[in-house]
Amino acid sequence: MVALQIDEIGTLLNQMLKGDMFDHFLLREASVSQAFTTEIDGTISPGFYSEEELAKLGLTGLSCLPFSRVRPLCLELLKGSRKPASFRFVFLLSPENQAATIAQADTGIRTEDITGLFLNLNYKKDTLICTTGISYRTFITDRSLEMEWDRLAALFLKQHGIPYDEI
């Protein structure tokens with residue numbers, strides 16, 4: 001796991017909420033605290049969509065909604081003249097990008113050994129921290145995939161022009 005302090009919060013939020021920076025992620029959960037707190041569970045509710053609707057919407061096999069489908073709601077929650085007291089976003093790399101990342105890392109870890117590759121954004125007291133994480137299905141002593149995910153997360157921010165400091 002790596003923790004990166006985002007130097008330009010507005011730049012990241014603008015790209016996240018008005019652009020497609022996080023569109024290859026699923027939204028696992030989010031919380032925005034202002035005068036009140038709004039919690040979002042990005043898990044797709046079983047039975048809400050028919051199999052045909054899931055296929056038509058490109059959601060077949062997904063556990064959570066793509067961030068692109070939830071982004072307009074998140075923008076509404078965060079826009080305004082006052083900064084939020086805090087917010088938290090837990091992003092899950094999409095299954096196809098997760099498989100590609102695991103294959104690229106070439107660690108011998110299989111996609112079925114991993115529940116998810118996570119990117120977390122936590123903001124409070126004018127500080128935004130981005131952390132990485134991996135959820136394993138089995139016990140694995142090899143940490144090479146974690147190191148690669150940490151490297152890729154930092155590269156992801158750099159490629160989008162988001163300055164950060166490793167903490």
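These legends describe close-up views of a predicted model. Local features need pLDDT of at least 70, side-chain atom pairs count only at pLDDT 80 or more, and totals for chains, interfaces and linings use all residues. Residues are numbered from 1 along each chain as its sequence is written, and side-chain values use heavy atoms, leaving out hydrogens and water.

**View 1. Phe25 and Phe156 form an aromatic pair.** A search of the whole structure finds eleven aromatic pairs. Rings of Phe, Tyr and Trp (its six-membered ring) pair if their centres lie within 6.5 Å; planes under 30 degrees apart count as stacked, over 60 as edge-to-face and the rest as tilted. Phe25 and Phe156 are edge-to-face, at 5.7 Å centre to centre and 65° between the planes. The pair ties together parts 131 residues apart in sequence, because Phe25 lies in strand S2 (residues 25-33) and Phe156 in helix H5 (residues 144-159). Helices (H or I, at least four residues) and strands (E, at least two) are DSSP runs, numbered from the N terminus. Phe25 is buried at 2% relative accessibility. Phe156 is buried at 9%. Buried means under 20% relative accessible area, exposed over 50%, partly exposed in between (1.4 Å probe, protein chains only).

**View 2. Phe67 pairs with Phe89.** This pair is edge-to-face, with 6.4 Å centre to centre and 90° between the planes. Phe67 and Phe89 are both buried.

**View 3. Ring pairs link residues into a cluster.** Its members are Phe22, Phe25, Phe67, Phe87, Phe89, Phe91, Tyr123 and Phe156.

**View 4. Gln98 sits in helix H4 (residues 95-105).** Gln98 is buried at 8% relative accessibility. Beyond neighbours within four places in sequence, Gln98 is in contact (heavy atoms within 4.5 Å) with Leu93, Thr111, Ile114, Thr115, Gly116 and Leu117.
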